[in-house]
Structure formats: structure tokens, C-alpha cells
Amino acid sequence: MLRAKLNHAFGRPFRSPLRGLVHAQGLSQLTPILRGAYFPRPNFEEPPMSESEATVEPPESANEFAGEYAPRELSPLETLRHSMAHLMASAVAQLYPGTRFGVGPHIEHGFFYDMAITEPVSVEDLPRIEEKMREIAKSNLKFERSFLDRDEALVWCEQTGQDFKAEIIAGIPQGKISFYKHGDFTDMCAGPHVNYSSKLKHFKLTAVSGAYWRGDDKNPQLTRIYGVGFESKEELEAHLKMLEEAARRDHRKLGRELELFSISQEFGGGLVLWLPNGAFIRKQIEDYWREEHLARGYQLLFSPHVAPYALWDRSGHNEHYADSMYSPIDVEGQLYRLKPMNCPFHIGAYKHRQRSYRELPMRFAELGTVYRFERSGTLHGLMRVRGFTQDDAHLFCTSESLEAELGGCLDIAQTMYRTFGFPEYKVELSVRDAKNTKKFMGSDEIWSLAESTLAKVLDDRGIPYTRMEGEAAFYGPKIDVKVVDAIGRVWQLTTIQLDFTQPDRFDLSYVGRDNTPHRPIMIHRALLGSLERFFGILIEHYAGDFPLWLAPEQARLIPISEKFVDYAREVEAAMRAAGLRVKLDDGDEKMGYRIRRAELEKVPYALVVGAKEAESRTVGVRRRHAGDLGAMALDAVIGRMKDEVERKAAL
RNA sequence: GCCGACAUAGCUCAGCCGGUAGAGCAGCGCUUUCGUAAAGCGCAGGUCGUCGGUUCAAGUCCGACUGUCGGCUCCA
């Protein structure tokens, strides 16, 4: 596979500009809830266990495990989860004799174990396995550790048919091999483990799936059973409740119910049809986005959806990115390809004529629609699609203005997080591997400058960040930002990346004060990622309850009976004139039913008018989540709503 | 693509051991004009994902295909 070759060539997965944030991440970033990969907010925080709760057996001597195969230091909670994985393995071993075991690590919120089980296992089998686990846990077996020499360990593998474990041994250069035994079950395992199985109480098996041995699709596929595990019942319950909450907020479900968007096979898998309600919200987001960019000196671009094959040669996409691109299209004998990124066009705009240092920095922004091939199995609602619109921008600047430009990117990003109600976020600074500079393109000078500038910009703003050594793209370092949503899940939105290759490839230049050509520095950035994915995140973040400024329908007018329809129309006209989006529901159902309908459609305001209101020129205001607020003067309601829109207030 | 599960009306779902398809909601019509989350009656709506097989008989059993969902990064 080409990507495999690229990985080899670059020593890391090939990541193209902006690739990382939008659709290229594993589903871990995209649907963290489903895999338990979201970060807990304080109420889900996992306090460390006290030492007495979980006993971690230290290695018997420092030399027992050599080099990188020394056992990891596991926290008490990680140890607990790791032991749960082994408890599960023992349960499976009892229920399905002959099962061969792969690996069973702790993961965020729980654990999994990859196993070659003697028969197919489905979710219906999980309760049975879980029951067996509890039974074993209750018998309070001791987890006993022992060691074998490599040869002995291999004999053990041979005798017990544990061929995967034998493979693991093959990868261990030296030292004794560690085993753990509880009851009749022995597993080759580095540990550490809790001391008694009775410590393992608060867990639940959640999913079963296939997973390739060692993550390689050329290897046999094992059955992976996932579980979640916590140290207290309360935490487990909170976690399960949160999973339920996530299901309630599922953007695919809400998207259908609220008529936001439609994705169907008939109109193309992975291709989004924005329905009127969703399209309106998108328009609001786009208007706001353009406004913020124009106010910050960006210039807007529109670029084509296809480009000649040769352009993708020059940009390097044909060489490095073909796996994600669609087949060429023949246009009168010349080949074109759908664009997977916008950068070549923005470069084209820069190259339109000779540039002077006086023009820099140039900031080109575009809501640019790109198309990328994604394997059918990876498509997921709005979160992973095949055609999407990036909120893209490319900034061209000198090294002197680099700091200010990067700062500007962070500022606009922070403004947007605030607007959309993401007060909490996490920042990662990905830099090159200082020990292995060869795999990163560009001079030491430019890298040092770039990395220190990125760090300085974060430091100056007092933004805490995690430094990711060696995680930079081969073409430049980057800042990634992940926001925390209403139920504590983490979503990557923003990426700000420096690119040292494209300006060279396209021979970009500007004439400096010294009257000689210079190479500009190029920044790629996307703040929201893609409109599709961001919309999916917003739907789940708001649980479908959009703030008033985004809501397609802001108020539903409900006359109590036919007699008050005329007054309702007056109210409707007044509100429309004030720029509010109102709909009149003069259906012949009872008022209670129409209120219910408005609630189910998540309309922010239901305005009830009857005899009282018509008399006093008021409306009965019912605010979603707040309930009946009583009668208010028509002007007061309009003022209140306009203010709410103005402030872009959250619901 | 691979592993597992699933596919019945627009939506949510029932349909047992194989005997010839059902509910609620939504839609449409009529009645009702009502004070803060479901008025009443009626009508219409389905080649049971597709193709093939077993059988007197298939929504139901078997196989293939298509699609959807959960995963396929976490390495003793």
C-alpha cells in the first residue's frame, strides 16, 4: 500500500496540511464517546486510588526486565483496569477452552483484550462472560506472579498453544518472562496486577469487535472485547450515564429528527445533503466566520473543485496523497482531479503576480469544499465524510511577522470557541524529534525559529500546552487545539501548521526591502476544521438546542383558538419586521399538543396568544427549558430576543 | 477492505416451532376551537434490503451480495 511506503519513507504516517484535524484522524478523535476516549471533566475525573486499594507488585529486581521491555509504571487505576482485562481473559478461557490470547491493555476508562476465541462471540455473549468474571472475582483468587526463562516460556507457549504470546517473546531481547496466575488461569503478562481478584468490582463489558493482531491488516484478526472499569460504583454509573447521554445527543439521530441534513446511499454515501434547517445554521456559522475574518484583515477566496493533474504533481499530492484522492477525470484529453485540499489554489492566488514585502502578511481564507476518498467502513455521519468544506486559510508572511500571525490565528480561534460555548480546550505543540532531524524537511534554523515562535506565542498568551516531541509533520511544526464539549468529550478542531515545503515546490517569493527575492513562510490553518464535522460536534454539544442566533426557527406562535389567529398574525408581522424568525402554528390541534410539537422540534420560544394577550397586546412567553415565563409586552419580547441574538447567547 | 451484529410502513418497533404482515407516532380527511408537552373518528401507507436455495408453503430456515451500526490507534 502506498501509505505504508510513505510511512516508511517518512518514518510516520503521511499527514498533509490540515489533514490531521479534519478527517484523517482515527475514529478516536472523531467519535471518542464510542471508544471511551474522551477526557473526563471534573465530575468524571478519576482520583488516584490509595495505595491500600490496589497493590502494585514492584519488579523483583531492577534487572529483571531490560531496556524498553521493563514493565510500564501503571497507576493504581490503570493496574485495576489491566487486571480486569485479565479477569475477562480468564472468564473467556473458562467459557471457550482453547482460546489463544493476544494483548490485553488498560485503556482510557477501561480495558480490552484481543483474543482468538474458539467460536464467534457477539454482544449477546457479553453478559455471560461478565457473569463469569464476577463469579471468578468473588472467589477472591490471588494474582500470583512467577518468572520463566525465555526457553521455558517458549515451551509453555508451545504446550498451551499460545502462539501470539510466543511472538511477543520473540520481540523481547532479554530477561526473564513474567507470568501471572489466578485460580487455574495462567497468562504471560508483565503486570502489574492487583493482589486479589475481589478488588475487581466495578466493570462492564461494552463492545466486541475485530482487531488485527498488532494492528496490521496482514495479520490474523482477533476478537477484541472492550470493557469499562472504575474504582467505584458511582464512577462506573456516571460513565454509563454519560454514554447514554451521548446516545441521546447523537448527531445522526438529531440530524434526522430536526431535519438538519440527510446522508443516504441513493445520493451518495459520505456525501452530505444539507436540509433547510441545517443549511440555515450553516449559513449563520459562515456569515459569522466571514465577518470575523474580514475584521482581521483576511481576504476571501473562492477556488475551483477540480484542478489539472499536473498541478497535483507540483504540489506533491499525486505522489504523497493519492490514496485519499479520487481517480482523474478526463476533460478533452486532459486529466483533472477533484481537490482534496485548497492550498494549491491559495498559492495560485499568491502567485498571481509578483509580491512585495509591503504586501505581507497576506491572509487568504476560504470555505473550501474538498473531496477525499474514505473507506466505506470508516464513514460516520457528519464526522467522517467524503466531501466537506474546510474553514481554511493560508497566511504568507516573513519571519519577522511570524509571531504576530500565529498569535492572530490563536486569537481568532479563541474567539470562536467562546462564541460557540467551548470554554475549555487543550493545546498540543508538535515539534520535530531533536534526535532525528533527518526526517523533517527544512533547515535547522527555520525549524528552531518556527518551534520557538510557536512556543512563545502560546507562552505569551498564558495558554498551557503539551509539547509533543517528534509529532510534527515532516513539513513543519504545528499547534493543535481540542475543545471539550458539554459532556466532557474532546474534539480536535483547530490546527495551525507551518509548511516549509510548499513555498519551495511552488517557488514562492516576495521582493524584500533589499530588492532581492525572498521565500515567504506559509501557515496553513483551519479553526473549526470542516463545517460538516463542526456542525456534527455542535449538534451534540448543544444536544440539538441551538442558541437563538443559530436557530432556524426562533419562535413558534401558538394562538389558543381560531379566534386569535388575526392577532397572532400581527405579532408575527411585528417580529418578522424586527428580523426574527417566527412561524405561526394555526393548526386545529389543541394548544397543549402544539406546544408539545414546538418542544419536540426544539424551537427556543413558544409564544402563546389568546384573549388576555390580544386584549393587552402581550404574548405568553414560554422559553425552552425555562418553561412558562408569563405574559410579556410584545416589544419586550422582541427586545429580549434581539438582545439574545446580538449577544449570541447560549441557551 | 476485515471482524461482529443488524436490515419489516416516513420514524420507532412487534411478528413464537415456517402457514401468507401488525401497532404507535408522523401523513391525509372529517369532527373539535381548546390556556402551556399527546382531543376523537376514519383513511391511506409494505415485492418484509437484493438475488438465489430448501419446502406443499419463507418476513421467518440456509447461502451470496448490498447497506447500516460498533470496532479495526492503545502492544506481555
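How far is the sulfur of cysteine 409 from the closest cysteine sulfur? The separation is 8.9 Å, the partner being cysteine 397, and this is too far for a bond. Cysteine 409 is also buried, with a relative accessible area of 0%; here buried means under 20% relative accessible area, exposed over 50% and partly exposed in between (1.4 Å probe, protein chains only). Cysteine 189 counts as buried because its relative accessibility is 8%. The structure holds zero disulfides, a disulfide being a pair of cysteine sulfur atoms within 2.5 Å.

The model is predicted, so local features need pLDDT of at least 70 and side-chain atom pairs count only at pLDDT 80 or more, while totals for chains, interfaces and linings use all residues. Residues are numbered from 1 along each chain as its sequence is written, chains are lettered from A and ligands numbered from 1 in the order in which they are written, and side-chain values use heavy atoms, with hydrogens and water left out.

Helices (H or I, at least four residues) and strands (E, at least two) are DSSP runs, numbered from the N terminus. Buried in H6 are Leu126, Ile129, Glu130, Lys132, Met133, Ile136 and Ala137. Seen down the axis, these buried residues fall within an arc of 160°, so they line one face of the helix; the arc is that of the directions from the helix axis to the C-beta atoms. On the other side of H6, Pro127, Glu131 and Lys138 are exposed. The buried residues pack against several elements, among them helix H5 (76-95) and strand E5 (177-182), where contact means heavy atoms within 4.5 Å. Just after H6, asparagine 140 takes a positive phi of about 50°.

Strand E5 also belongs to an open sheet of three strands, ordered E4-E5-E6 with antiparallel pairing; two strands pair if DSSP finds at least two bridges between them. Strands E4 (144-148) and E6 (185-188) stand at the edges with a single partner strand each, so one side of each is left without a neighbour in the sheet. Four bridges join E5 to E6, and histidine 182 stands opposite phenylalanine 185 in E6.
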